[in-house]
Every structure is written in structure tokens, then in C-alpha cells.
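Grab your viewer and let's work through some charged side-chain pairs. Each exercise comes with a step-by-step solution.

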Amino acid sequence: MRQGCSQLPSKLSIPCRSPVAASYVQRLHIHAWFIEILIQRDQKDHRPPEPSKFEQLAVKMGICLNLIPPTKPQSPKIRSPTESSTTVMSMMINAIQNMRNIEEYHFEMRDLALNTQAQQFLSAARQAFSSTLRSLTLHTSIFRFRSIFNAADLNTLTEISLFFDYYSAGSYDLRGVEETREVERRELEDVIAPFLHRYKATLTSLTLSSASSADLSPLFRTLGTFPSLRRFSANIYMDEPHLSDVGALVDFLHRHHSSLFLLDLKACTPDEGTGNA
């Protein structure tokens with residue numbers, strides 16, 4: 001039975017109770033929004049009257065990793081939000097470093113910046129289980145993938161799932177929109193396609209989902225042939241602004257018609273959306 005590690009404190013303490021137990025964890029999901037919450041709380045000048053979930057999590061993680069002794073049941077007393085945040089991050093990174101047998105890794109950053117704390121997570125993950133990881137799911141905007149890929153150089157992957165989150169250019173003038181699209185095109189061709197090509201020989205499953213306004217045609221034109229690809233799924237907009245060259249997708253599928261066992265295409269319209277990855 002596969003073991004997982006949830007972001008909820010009550011569940012997190014179960015598989016991560018000790019380094020030995022952590023070594024049995026095979027699935028890991030990280031939602032980077034909680035890092036942003038920690039940072040925002042550190043910037044506050046006052047402390048909440050009651051211990052927050054993160055303060056409670058810091059104590060529970062310390063106990064489950066044997067870094068601090070158990071305490072009698074009561075509200076944890078942590079002197080400052082800054083200390084609490086630092087403790088939480090330290091506990092989480094230590095837990096990841098003990099997870100040496102992760103096979104499935106899901107990292108969701110959406111449109112958050114890849115700050116130092118998130119980079120530490122990615123670095124710890126790469127050092128801990130880059131040789132055992134088989135399945136990778138990344139959820140962020142097209143502009144954030146470059147920084148994630150630089151910090152997540154993994155050895156062997158057989159399954160990759162990428163979700164391109166919506167990105168607001170902050171301007172609705174025609175020039176600003178066109179500049180954003182041009183940058184997205186370069187990122188698709190120069191960053192995302194080469195990352196996928198690293199696993200050309202081993203990739204058996206590829207899933208692409210998008211809530212982005214980007215035209216994905218450049219990505220399909222740039223992608224080469226994956227000889228071991230057995231499953232391909234796409235949950236994307238297929239109107240002209242998002243897929244200006246349908247032939248690029250058709251050519252990609254044609255190149256893999258002899259290897260694919262499963263083809264799952266979900267054609268969305270901007271009104272329908274794509275849901276979550």
C-alpha cells in the first residue's frame with residue numbers, strides 16, 4: 001500500500017513519525033501557498049491571541065521527527081511568528097530529506113514567486129529522491145517553470161503532468177498582451193520543451209493541462225518524438241487564440257500513433273475552463 005504525506009497536521013505526523021517511517025512514503029504533495037502564508041504572517045507586527053495552525057504544526061512536526069521532546073496536551077507556546085515559521089520550514093525540509101523512496105511528486109505553486117523557502121523544498125526533494133522518482137506533476141504559470149526546472153533537476157521520469165496556470169499580464173492594452181504572448185512562446189519553446197526532451201527515452205505518460213491564455217501551438221511544434229510514450233492526455237483550450245495551429249497537435253499525435261495505448265483529449269472553451277490538474 002502506498003504511503004502519502006498530506007499538508008494537514010493530523011495526517012502529516014503519521015508517515016513522518018521517524019526517519020524509518022518517512023522512508024516508506026511514496027507519494028508527496030506540496031502546495032506552496034502555505035509558504036506564502038508563513039511569510040505574510042512574519043510581516044505582521046502583532047501575534048494572534050491563539051496559537052495558529054502553523055504553530056501547532058511546528059510542534060507536531062518537531063515531535064514526530066524526534067527533534068523536540070513531547071509535551072503535555074496544551075496549546076503550544078511559541079515565542080514569535082518568525083520562530084514558528086522558521087521551525088515549520090525546518091521541520092518540513094527535514095521530513096523531505098528522510099523520504100528516500102518517493103515515486104510520485106506533486107508540486108503546486110500556481111502564480112507564486114519561487115522564493116528562497118520554495119527553492120529549499122525543491123533542492124531537498126532533488127537531493128532526497130531524484131533517483132527514485134518516477135512521476136512528476138507541476139502546477140504553475142508558464143513564466144514560473146524555468147525557475148522550478150533549474151531547482152528540480154531529476155534523473156529519471158516516466159510520467160510527467162504539467163498544468164499551465166492562468167497568468168495576468170497586468171495590462172489589457174494590445175501591446176502588453178502581445179509582449180506577454182511572445183514571452184510565453186519563448187518559454188514554451190526554450191524551457192518547457194527541452195525539459196520534456198530530457199526524458200525522451202523514458203517517458204511513457206504525458207499530461208498537459210492549461211488555464212493559460214498562451215497559444216500552445218509552439219510547444220507542439222517544438223516537441224519531438226517520445227518512442228516509449230504510451231499515454232497522452234490534454235485538457236486545453238482548442239480555439240484559435242489558444243491553439244492557432246491545430247496541425248501542430250495533429251502532427252504530434254500522428255508521430256506517436258504506433259506507440260500510444262491511451263489518448264485522452266478534452267477540448268475546452270474559455271467559458272468552460274479546464275478545472276484543476
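Predicted model: local features only at pLDDT ≥ 70, side-chain atom pairs only at ≥ 80, totals over all residues.

Residues are numbered from 1 along each chain as its sequence is written, and side-chain values use heavy atoms, with hydrogens and water left out.

**Exercise 1.** Find how many salt bridges (a side-chain nitrogen of Lys or Arg within 4 Å of a carboxyl oxygen of Asp or Glu) the whole structure holds.

Solution. Searching the whole structure turns up 7 salt bridges.

**Exercise 2.** Work out which parts the pair arginine 231 and glutamate 159 ties together.

Solution. Start with the contact: the two side chains form a salt bridge at 3.2 Å, N to O. Strands here are DSSP runs of at least two residues, and helices (H or I) of at least four, numbered from the N terminus. Finally, arginine 231 is partly exposed at 32% relative accessibility (partly exposed lies between buried, under 20%, and exposed, over 50%; 1.4 Å probe, protein chains only). Glutamate 159 is partly exposed too, at 31%.

**Exercise 3.** Trace the salt bridge between glutamate 189 and arginine 185.

Solution. Their closest N and O atoms are 2.6 Å apart. Both lie in helix H8 (residues 174–197), 4 residues apart, which means about one helical turn between them. Now widen the view: Glu182, Arg185, Arg186 and Glu189 are linked in a salt-bridge network.
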